[in-house]
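Thanks for coming. I have one structure to go through today, and I will take it from the overall fold down to single residues. Please have a look at it first.

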Amino acid sequence: MVINLTKKDTSVLKGIALLMLLWHHLFFVATDLFDDIHLWGEHYLVNTLGLICKLCVAIFVFLSGYGLTIQANNKNEEINYLSFVSHRVFKLFPTFWLIWLLFVPYGVFVLGRTPDVIYGSYPYLNLFLDITGLLNVFGKIGYNGSWWFMSCILVLYFIFPLLYKFLKSNPLYAISGG
């Protein structure tokens, strides 16, 4: 049985994921920073729900992959790897760079977070990787730890055309898991 999601379905799921993202960022914190409802042991209701709400990332990744797959299926032609990746990557960067350009100078000039303070060794190489969104691919954190998603989405965009092509020619892998 195949279940197709409508645009309304995906909008509802995005809304749920967005609320989960908000809950996670507001309430998943180190314990003892606020009063919470004690459940058992070291588990507290609000903080535990905040941790569970990290599932929003999986929902967003699933919906992105689902949407890309539907688009690729509707075109009914082979994906041109270079145009697919470049189109999506360059669509991401303007917003990312705008936020980066607002956030980083504040960190440098107001908070004193210079590249050598943030990156340690090879500060300018790491600065370049941070600007390109790839720093977290190498297991490092840059100016903003929340920017890990940029490395994640870039890697997913790079592998999607290859995975799509493989699963199109080997559909049993998609169903059986291998």
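Helices here are DSSP runs of H or I with at least four residues, strands are runs of E with at least two, and both are numbered from the N terminus. On that count the chain has eight helices and two strands. Keep in mind that this is a predicted model.

Reading along the sequence, you get the pattern α-β-β-α-α-α-α-α-α-α. Of the 178 residues in the chain, 25% are buried. The accessible surface of the chain is about 12,500 Å², and carbon and sulfur atoms hold 69% of that. If you take the contacts with a separation of 6 or more, 58% of them are between residues 24 or more positions apart.

Now the inside. Which residues touch the most other members of the largest nonpolar core? They are Trp100, Tyr119 and Tyr143, in a core of 22 residues. Five helices each supply at least two residues to this core: H3 (55-75), H4 (81-109), H5 (115-119), H6 and H7. H4 gives the largest share, with seven residues.

Setting aside neighbours within four places in sequence, its contacts include Trp100 and Tyr119. Tyr143 also contacts Phe103, Val104 and Val108, as well as Pro115, Ile118 and Leu127.

Is Val89 buried or exposed? Its relative accessible area is 8%, and buried means under 20%, so Val89 is buried. The C-alpha atom of Val89 is 6.9 Å from that of Leu154, although the two residues are 65 apart along the chain.

On to the surface. There is a nonpolar patch made of Tyr81, Val137, Phe138, Val155, Phe158, Ile159 and Leu162, and together these have about 620 Å² of accessible area. Which helix gives the most to this patch? That is H7, residues 148-169, with four residues. Phe138, by contrast, lies in the loop between H6 (123-131) and H7. With a relative accessible area of 52%, and the cut-off for exposed being over 50%, Phe138 counts as exposed.

Next, charges. Side chains of opposite charge can pair when their charged atoms come close. How many salt bridges does the structure hold? The structure holds one. The partners are the side chains of Glu78 and Lys165, at 3.5 Å from N to O. This pair links distant parts of the chain, 87 residues apart, with Glu78 in the loop between H3 and H4 and Lys165 in H7. Both ends are exposed: Glu78 has 63% relative accessibility, and Lys165 has a relative accessible area of 51%.

Tyr122 is not a glycine, yet its phi is positive, at about 50°. You will find Tyr122 in the loop between H5 and H6. Tyr122 is exposed, with a relative accessible area of 61%.

That is my tour; I will take questions now.

Conventions. Residues are numbered from 1 along each chain as its sequence is written. This is a predicted model: local features need pLDDT of at least 70, side-chain atom pairs count only at pLDDT 80 or more; totals for chains, interfaces and linings use all residues. Side-chain values use heavy atoms; hydrogens and water are left out. Patches are made of residues with over 30% relative accessible area and no salt bridge: like charges are joined within 9 Å, nonpolar side chains (Val, Leu, Ile, Met, Phe, Trp, Tyr) within 5 Å. Accessible areas come from the Shrake-Rupley method with a 1.4 Å probe; for residues, only the protein chains shown count as cover. A salt bridge is a side-chain nitrogen of Lys or Arg within 4 Å of a carboxyl oxygen of Asp or Glu. Buried means under 20% relative accessible area, exposed over 50%, partly exposed in between (1.4 Å probe, protein chains only). A nonpolar core is a set of buried Ala, Val, Leu, Ile, Met, Phe, Trp, Tyr and Cys residues joined through side-chain atoms within 4.5 Å. Contact means heavy atoms within 4.5 Å.
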